[in-house]
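Please work through the exercises below with the sequence and the model at hand. Each task is followed by a solution that goes step by step.

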Amino acid sequence: MRWIKDNALSLAFLVMFLLALAGQAWSGAIHYNEEQLVNGLQPVSVWAYVTSSSFAVDVAENWQSEYLQFLLFIVLTVWLVQKGSPESKQPGEEGPEADREQLVGEHAEKNSPRWARARGARLWMYSNSLGLVMGTIFVLSWLAQSVAGLAAYNSERITDLRDPVTWGWYVTSSEFWNRSLQNWQSELLAVLSMVVLSIYLRQRGSPESKPVGAPHRATSVEG
Amino acid sequence: MRSPFAVAALGLALALTAGCGVDTASPARAAARFHTAVAAHQEAAACALLTPTTAEKLPDPDETCAQALAALKLGPGGRVTGVEVWGDDAVVRMAGDTVFLHRFSGGWRVTAAGCEPRRDLPYDCEVED
């Protein structure tokens with residue numbers, strides 16, 4: 001019980017993620033089968049749909065944009081600040097900061113992670129591990145989108161009595177970039193909204209917000 | 001916490017969509033059987049290899065699918081030169097034709113045949129849905 005309480009935030013998002021994914025699979029299969037019937041084709045099972053390229057491309061294109069959003073947020077906030085935003089460091093603190101502030105190397109504390117005490121490549125890797133993992137998942141998701149998207153697009157092209165295309169053709173096509181950019185623009189707008197609105201607006205009790213009574217000009221203050 | 005899951009799921013997505021183990025022989029056989037039946041003037045058998053929608057749309061109101069197919073006088077298909085399968089759809093290139101097919105639970109069926117390529121446009125097919 002204590003473990004659940006201590007991990008409630010992760011567990012809540014995990015459950016919501018699984019429910020949303022299941023809902024996407026269920027509703028997507030219904031929509032897909034409506035189109036199949038209109039085109040004189042056989043309906044498919046939910047399992048057949050979730051293992052299809054149509055489902056895979058829809059999932060992957062959303063994943064890549066989410067991980068890109070967090071990658072950019074993580075990396076850009078190292079170097080760029082927004083005065084008054086709780087999501088930003090104080091102006092003047094731009095950059096990777098000193099070892100003393102980051103508790104690495106000789107400044108590591110007793111409970112610091114083991115790799116924070118290391119030097120060289122291991123320290124560099126651990127110091128950037130969040131961005132590296134987010135970036136890797138973004139690249140893999142985008143690659144998965146391109147492969148699944150190619151399969152779904154070529155299936156459509158054959159239905160339309162057109163020749164299938166290659167992966168190289170697909171990743172330079174308007175179809176691929178339209179799928180990517182329509183997700184990117186919404187993610188970038190969401191981050192922009194969070195950074196700017198949190199200067200002036202508050203959510204009492206949330207660590208993503210400044211304390212309700214904190215002044216608008218206060219930067220890097222979380223409630 | 002979600003990262004290992006995400007990587008595993010994406011690996012699965014890649015494996016599912018990378019086209020590994022695709023059966024190209026079945027659509028090629030279906031296309032060849034269609035052209036063999038047409039060449040042997042077994043139009044009813046050839047019509048049975050069409051998708052329901054294609055077989056329904058082919059004849060005029062006062063004729064059967066077999067009669068409509070015979071009237072088209074499709075040229076020979078010839079040998080299969082290439083097959084591409086994407087999901088439940090396939091295109092089979094033959095020496096004398098390009099045949100489009102869709103996979104049903106009972107096997108591959110022809111959606112279009114007697115097709116001529118047109119630059120930047122869909123194929124122009126004598127038999128299509």
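**Exercise 1.** Work out how Asp6(A) and Arg2(A) are placed in helix α1 of chain A, and which contact joins their side chains.

*Solution.* Begin with the helix, where helices are DSSP runs (H or I) of at least four residues, strands are runs (E) of at least two, and both are numbered from the N terminus. Because Asp6(A) and Arg2(A) are four residues apart in helix α1 (residues 2–6) of chain A, about one helical turn separates them. Next, look at the side chains: the two residues form a salt bridge (a side-chain nitrogen of Lys or Arg within 4 Å of a carboxyl oxygen of Asp or Glu), and the closest N and O atoms are 3.2 Å apart. Finally, take accessibility, for which buried means under 20% relative accessible area, exposed over 50%, and partly exposed in between, with a 1.4 Å probe and protein chains only. Asp6(A) is exposed at 52%, and Arg2(A) is exposed at 63%.

The model is predicted: local features need pLDDT of at least 70 and side-chain atom pairs count only at pLDDT 80 or more, while totals for chains, interfaces and linings use all residues. Residues are numbered from 1 along each chain as its sequence is written, chains are lettered from A and ligands numbered from 1 in the order in which they are written, and side-chain values use heavy atoms, leaving out hydrogens and water.

**Exercise 2.** Describe the salt bridge between Asp163(A) and Arg93(B).

*Solution.* The side chains of Asp163(A) and Arg93(B) meet at 3.0 Å, N to O. This pair crosses between chains, from the loop between α7 (129–159) and α8 (167–171) of chain A, where Asp163(A) lies, to strand β2 (residues 89–94) of chain B, which holds Arg93(B). Asp163(A) is partly exposed at 28% relative accessibility, and Arg93(B) is partly exposed at 23%. Elsewhere, salt bridges that share partners join Asp58(A), Glu61(A), Glu175(A) and Arg179(A) into one network. Over all chains, the structure holds 10 salt bridges.

**Exercise 3.** Find how α4(A) and helix α9 of chain A pack, and which residues meet between them.

*Solution.* First take the geometry: α4(A) and helix α9 (residues 174–200) of chain A pack at an angle of about 35°, with axes 9 Å apart, where axes are lines fitted to C-alpha atoms, for helices over the stretch in contact, and angles run from 0 to 180 degrees between N-to-C directions. Then list the residues that meet (heavy atoms within 4.5 Å): those in α4(A) include Asp58(A), Glu61(A) and Leu72(A), and those in α9(A) include Arg179(A) and Leu188(A). Leu72(A) is partly exposed, with a relative accessible area of 31%.
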